[in-house]
Amino acid sequence: MIILKDVRKQLGNKEVLNSISFHINPGESVGIIGLNGAGKTTLLNIISGILRPDRGFIRVNGTENILSEYKMLRNVAYVSGTKSQLWRDLTIKASLENCVQMYHVDKEKAEKRLEALNEVFSIQNLLLSKPENLSLGERIRCELVYALLAETQILMLDEAMIGLDVSIKHKIMEYFEAYKQEKKATIIFTSHNLLEMEKLCDRVILLHKGTIIFDGTIERLMNEFAPPYEMRVKIEGNLPDFEDLPLEKFSIKKDTLHIVFYRQKIETTYILKHILKKCRIKDVKLTEPDLEGTIRKIYKREG
Amino acid sequence: MGEIKIAAQSLRMSIHTRMQYRVDSLVATLAVFVREATNIIVIYLALMKFDKINGWNVNEMLFLFSLLFLTYAFVVSLFADLRDFSCMIREGRFDRLMLRPRGLLFQLILNNADIIASIGHGTLGICLFLISANKVGITWDIPTILYYISAIIGGVLIQGGMFILFSALSFYFVETNSIREIFYWNMRKFAGYPISIYNKLIQTLMMYVVPFAFVNYFPAQYLLRKEDMADYNEMYMYIAPCVGVVIYLTAYGFWRISVKRYKSTGN
């Protein structure tokens, strides 16, 4: 379990984290969302022990600073898009061999695992290269293999999907989902891609200017903060009366109705049935609010 | 065992990397050798004008130099990453080492070994030893050989300890290269000559602050028994190989304390 209570961190003159408190249960996958400079990386660095908080309480599986215990470190993998874990002067193969040594992975098991990882991450042809000779996407793939080879119980992924192309990203996301289920691993994930977040995380923490402004499931986030649904309905016949319906907005342009509403207040089918009482529907286009729109709305509100 | 395997892996890769372009590596090694040998030749020619310096003849001086070059050949292989450590701290590359479940020093030792400098200095050290060893009146019996090997190990540990110490200073100060420049590289230049030719301040520095005297002067004294040894405690000749262990362990202790002060830049 990861516990943070009233954690504060100042870097230079900037208060990067201000009174951060939350806990992450074993096996939970949590997404940290925030604008640039919100404190996401600092938070991960504090959990990993690279940074120490100025104030507050932190425990990772009961340990205050995981860096001081090899046993704990063997259970944590931290992949960062900006900080490489690979040996700079060694080939990827040699780095992976070192990883097997350091994390005490059985040699046979490691070989089988590497074979399986290679199916997903396609790094076979990169094994004899050095990190400096790889593209960003290739390096990230190797970083992820390095982290997953040790099969740690805690995975911290900080912008760990940058540079990956769409086809492989999809495979990797599926792998992470399976990893989460199989290993009951705790995953902490930061990304600007909310689709990835939605797919992988049970829960999200929204950071804004170093403070948590939301902590809960994506479902709750959507229920509480999602912008309204928008529906465009092409009609034929008389315009129905909408005054009695709990809509946010409605307007008509030529033969197309533009309706804005919250699903919590009224169901889409109820509106459509209401329209059908008076006229014929030729076409319907429904725009559902997505996570990105929801987050945008929250940040707009927070200023 | 794991640490040793990782260190060996790093060494293998360093050799492989440096030797990838064989002709370039050969030229670079030769360049290191010629650069250092030229200095020795200049000193040798200058010494030809004098019969002796404070009782030390040319061959004895070359023997003194040989110890310096031989020990440095090991130092530059074992501790190369510590040589450029302040740069590693500034660039934030130290963070990744901290996250690995392995000793920090073990990750640094043998990593990025400067094989070219090592071969260049080592070859010169061996040449100087071969030229001088038979002309300085040493009887190479087993106890002498054992002492000589211990002195080399001690010399490597002293300089390695200094590298660790200077690296640990990077946890307190942003820029430590100038400290290293003054206390290591400049003092090393002094160490080419018998310390008895310097004033008391330099002698004190070389014995107790930056103890290069225990890298070559006192071990050479044990083997050569020159008259100027009367100015120092005779015990120094005998304990010279052990000084390395003490310095190294002290430096390691200081490193352990200092590393706790490390603050990542966070990015």
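Q: How is chain A divided into domains?
A: Domain 1 covers 2-223 and domain 2 covers 226-302. The bounds come from an automatic or database domain assignment. This is a predicted model: local features need pLDDT of at least 70, side-chain atom pairs count only at pLDDT 80 or more, and totals for chains, interfaces and linings use all residues. Residues are numbered from 1 along each chain as its sequence is written, chains are lettered from A in the order in which they are written, and side-chain values use heavy atoms, without hydrogens and water.

Q: How many residues of domain 1 of chain A are in contact with domain 2?
A: 13, against 11 residues of domain 2 of chain A. Contact means heavy atoms within 4.5 Å.

Q: What area do these two domains bury?
A: About 1,100 Å², with 72% on carbon and sulfur atoms. That is accessible area (1.4 Å probe) lost on putting two parts together, summed over both.

Q: How many salt bridges across A and B?
A: One. K83(A) pairs with D95(B) at 2.7 Å, N to O. The rule wants a side-chain nitrogen of Lys or Arg within 4 Å of a carboxyl oxygen of Asp or Glu.
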